[in-house]
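Dear colleague,

Please find below the structure that I am handing over to you. My findings follow directly after it.

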Amino acid sequence: MLEIAQRLTDRLEAGIPLVVATAIAVDGRMPRTLGTSMSWDGTAAIGSIAGGCIEGAIVEVADRVLDDSRTRVISFGVSDADALSVGLACGGNVTLHLALVRPGDPVVATLRDAAAGSAAQVALTRDGFDAGSATAEVLYLDAIEPPARMIVVGAMEFSVALSAAAQAMGFAVTIVDPRELFTTAERFPGAELVVEWPPEYLARTPIDARTVICHLGHDDRYDDDLLAVALATPAGYVGAMGSRTTTAKRRVALDERGVDHARLHAPIGLDLGATTPEETAVAILAEILAVRSGRVADPLRVTDGSIRPE
């Protein structure tokens, strides 16, 4: 629910009540994960639950919730004899919580917090959405953290493409470059812009294990200092763009400083044959996703086990 908070609040702030359906239990194969939500306001849907195979049936139940305001907990699946006879094409079972949200409900404030990028949580109960009652029976607790940060060093065309793609993936992007001329809102819409000496900025800005650092520029005045500072942080991913020759020189320089560079991803990205900035952004984000999920970046057709991280 909180992952689509901005789209939900847009409708609610227009005075439109809506029903939110959330997957509160999943058994077996599903194209989406536990906590996935969609909404229905009587005319339009936001989001999806199972990739299209049960959404029509969800809308039918949501219409009943709109009519009588009663929260419902229902199940869909092919192997549960008690489930609705719709079935999931991929084989699993899913239990859904459907509840009405009105523009003036207390939960709307929580949605606004999530839409603004703040940490937020909401309890799903048999009566709808919990607004703080200690006696409510919680069926599912939906929680969201602030967006993970991506710090991109170097205001260049590859950075433009990476910034746009990373924001689409939910990252809060910061562009750092000492050159004000190139670090502009027109080039990097939606990103935080920092005109500062990059190593100094990295040394003072908050960085945690969810932070991603991508050095896409090349400046001999600060390259080695920057990587040394980046590798000393708890960032979950540190990558640097450059040729294999440039990368080798950087590793030698880090060795001379006594800096452990084993976790440096350089040259940055997966070997996907990327050439354009946009293709390169995909290759970089693919590597970041693989590192974040602890997966080997092999084609699914040659791997075994669950497609989704457990």
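Which strands does helix α3 lie across? In this predicted model, helix α3 (residues 107-115) lies across β6, β7 and β8 and runs at about 140° to β6.

These strands form an open sheet of 3 strands in the order β7-β6-β8, with antiparallel pairing. Since β7 (128-130) and β8 (138-144) each have a single partner strand, they stand at the edges, so one side of each is left without a neighbour in the sheet. On average, neighbouring strands of this sheet are turned by 30° against each other, direction ignored. Strand β6 (residues 120-125) pairs with β7 in the antiparallel sense over 3 bridges; the bridge partner of T125 is G128 in β7.

The second topic is a pair of helices. The axes of α6 (residues 223-231) and α7 (residues 244-256) come within 10 Å and cross at roughly 65°. With angles of 65 to 115 degrees counted as roughly perpendicular, α6 and α7 are therefore roughly perpendicular to each other. The crossing in which α6 passes α7 is right-handed. On the α6 side, D223, D224, L227, A228 and L231 take part in the contact, and they meet R250, A253 and L254 of α7. By class, the residues of this contact of α6 with α7 comprise 5 nonpolar, no polar and 3 charged.

Within α6, the residues D223, L226, L227, A228, A230 and L231 are buried. The elements that cover these buried residues of α6 include α7, α5 (198-204) and the strands β9 (149-153), β12 (212-215), β13 (237-240) and β14 (264-265).

Yours sincerely

Key: Residues are numbered from 1 along each chain as its sequence is written. This is a predicted model: local features need pLDDT of at least 70, side-chain atom pairs count only at pLDDT 80 or more; totals for chains, interfaces and linings use all residues. Side-chain values use heavy atoms; hydrogens and water are left out. Axes are lines fitted to C-alpha atoms, for helices over the stretch in contact, and angles run from 0 to 180 degrees between N-to-C directions. Helices (H or I, at least four residues) and strands (E, at least two) are DSSP runs, numbered from the N terminus. Angles under 35 degrees count as roughly parallel, over 145 as roughly antiparallel, 65 to 115 as roughly perpendicular and the rest as oblique. A crossing is left-handed if the near helix is turned anticlockwise from the far one by less than a right angle, and right-handed if clockwise. Contact means heavy atoms within 4.5 Å. Ala, Val, Leu, Ile, Met, Phe, Trp, Tyr, Cys and Pro count as nonpolar, Asp, Glu, Lys and Arg as charged, and the others, Gly among them, as polar. Buried means under 20% relative accessible area, exposed over 50%, partly exposed in between (1.4 Å probe, protein chains only). Two strands pair if DSSP finds at least two bridges between them.
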